[in-house]
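Here is a short briefing on one protein structure. Look it over first, then read the points below.

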Amino acid sequence: MSKEQKIILARIFTSGILLAILAFVNLSGLAKFAAYFCAYVIVGYDVIFEAFEGIRNREIFDECFLMTLATIGAFVLAVKFGGEYSEAVAVMLLYQIGEFFQDYAIEKSRDNIVALMDIRSDYANLESESGLQKVNPNDVKIGSVIIIKPGEKIPIDGKVLSGDSNIDTSALTGESQPRKISVGDDVVSGCVNLSGILRVKTSCEFANSTVSKILDLVENADSKKSKSERFVTRFAKIYTPVVCLAALAVAIIPPLISSQHDFGIWLYRALTFLVISCPCALVISVPLSFFAGIGAASREGILIKGANFLETLSRLKCMIFDKTGTLTRGVFEVTAIHPEILNENELLHLAAHVERYSLHPVANSLRKAYPNESDSCEVEDFEEISGYGVRAKVNGRIICAGNAKFMQELRVDFHDCKICKISGEKHNSGSVIHVAIDGKYAGHVIISDVLKPNSHAAIQDLRTNGISRIVILTGDSKIAASEVANELEIHEYYAELLPAEKFAKLETLMNANPDLKAGFAGDGINDAPVLRRADVGIAMGAMGSDAAIEAADVVIMDDDPLKISRAVKISRRVMRIVMQNIYFSLGVKILCLIASALGFSGMWLAVFADVGVMVLAVINAIRILL
């Protein structure tokens, strides 16, 4: 509990005890007024101050103004018509109790998120010539070597140079099972080293590390309001002056119509009307519901960048996937080599060298397959052509490696597939990397990818949750796309798409049915425009590119496609609770307003109704975090 909350709790207890004592003390006149007014000021001075600040800033119609007007009016009625001062004090006391519970609930939900995201390390063990130094992570440069001891958080992303260990990734991914790490593996900041000592070469600065990006996303997530939140904001601005005018009408019109109507009675009803009219439950519970939803998703390794994306997620009916790295692991292996004019080793040698400077997963697999990639070959004039392949000069010869479209562009006579000379096996699946030497076809290498463990379950879960259309868009070959689509029982797929073609296909799919909200999940640099264009862009955060993560609206931290359906479930639960709170708050409010105008509810009942509805709505919103 914060210091401010302890102070308001002390004020509530002090005013409550004073009110209870005054109920047994026989006072009258000015002394009685002063005693009750003292109890009133103790518990409500901040509300009164806020009301006058609002008037001064010309932002009059808020709950503080309504509470101050109603309670001061109750004091005036008590002085004028001999009523009870206790009623005015009790109104403010009950209001502050409700505000206390609201603040406490908000703080608890914020603390839950902060606890979930308390993953940033305060220091890094930097290896230097003078030994090991404990430094601020901001002072560690790219390419530095840091040591992570057992029990320490990994401060900065990097690659393991030496050491074997298990790391706890639960803070990022929600995955409870430790992950085995050894030499050559990439590690990301925010994870906890559980066993051995790791020597890591940093791959980025602290400000650009995974943990810093996550914290930035969470801290700024509530800056983007959803349509429901904007509705509440607009509603409050219109609603408050309307109820003030309605209360004025309740106080004035009946006595003007007939002298039999007592002005004091109708003024009391008007003040009661004002107390009930405070839209606290609505204004508080709706943003709190979205905030809690973002926190619940964060706990499971799903980062949602704003309440508006949470709302759109709940209305998804179409889910479009990139294939490589999203539905498949994106870890390619060379499964066949089909040379045309060279032997297999020479063809693989050239393919690995021309891809030397490419960051594409296919290039990594080719370099990994050729054990002597770091030999004395000279690679010059490297050029990567997006959607086609790469071109470079290797030992003076122009080598081109890429897909079938690249070969067609070069006007090289190529073969899509043939019988492997060594195994006699015909390989039909996987990505085909064609190689041309000085404009002459040299053969091709087949690289295969495998599905992620949860891909099939993810597709089935999405269908169970009402996602009626599932599509694959990929730049890979038709054969590879067909194999994945058939295995996942996806009937609609489009292959061999360049980045611009993938974007155009997405627009075609979305324009065909504008009311069908579409999400896109991808991980590559070439997916960034499509992620931005989709109604909801979902990036794979562990292996995904920075461009994809930046362009996306939702980030899956452990690349598990099953988390997409989990995000949809969370968003729909949030929206159900939001609508429950809206209907419940407005329904009870309207009934109480009618009852107060007709004289069926007094000031006490009015406050119980207002505070009770607010507390119930806040508790309902907090259920999202459970």
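Arginine 469 and glutamate 492 form a salt bridge, with their closest N and O atoms 2.7 Å apart. A salt bridge here is a side-chain nitrogen of Lys or Arg within 4 Å of a carboxyl oxygen of Asp or Glu. The pair links distant parts of the chain, 23 residues apart: arginine 469 is in strand S18 (residues 469-473) and glutamate 492 in strand S19 (residues 492-494). This is a predicted model, in which local features need pLDDT of at least 70, side-chain atom pairs count only at pLDDT 80 or more, and totals for chains, interfaces and linings use all residues. Residues are numbered from 1 along each chain as its sequence is written, and side-chain values use heavy atoms, with hydrogens and water left out.

**Overall picture**

- The protein has 20 helices and 22 strands. Both are DSSP runs numbered from the N terminus: helices are H or I with at least four residues, strands are E with at least two.
- Of its 626 residues, 52% count as buried. Buried means under 20% relative accessible area, exposed means over 50%, and partly exposed lies in between (1.4 Å probe, protein chains only).
- Among contacts with a separation of 6 or more, 67% join residues 24 or more positions apart. A contact means heavy atoms within 4.5 Å.

**Salt bridges**

- The whole structure holds 14 salt bridges.
- Arginine 469 counts as partly exposed, at 25% relative accessibility.
- Lysine 502 and aspartate 527 meet in a salt bridge of 3.0 Å, N to O. Lysine 502 lies in helix H16 (residues 499-512) and aspartate 527 in the loop between strand S20 (517-522) and helix H17 (528-533), so the pair ties together parts 25 residues apart in sequence.
- Are lysine 502 and aspartate 527 buried or exposed? Both are buried.
- A network of salt bridges links Asp322, Lys502 and Asp527.
- Glutamate 507 and arginine 533 also meet in a salt bridge, at 2.8 Å, N to O. This pair links distant parts of the chain: glutamate 507 is in helix H16 and arginine 533 in helix H17, 26 residues apart.
- Glutamate 507 is partly exposed, with a relative accessible area of 27%. Arginine 533 is partly exposed too, at 26%.

**Nonpolar cores**

- The largest nonpolar core has 42 residues, and Met319, Phe321 and Ile564 touch the most other members. Such a core is a set of buried Ala, Val, Leu, Ile, Met, Phe, Trp, Tyr and Cys residues joined through side-chain atoms within 4.5 Å.
- Helix H19 (residues 562-597) supplies the largest share of this core, nine residues.

- Helix H15 (residues 478-488) has buried residues, among them Ala480, Val484 and Leu488. The buried residues of H15 pack against helix H14 (455-464), S18 and S19.
- Glutamate 489 follows H15, and its phi is positive, near 60 degrees.
- In H1, the buried residues include Ile8, Ile12, Leu19 and Leu22. On the other side of H1, Lys3, Lys6 and Phe13 are exposed.
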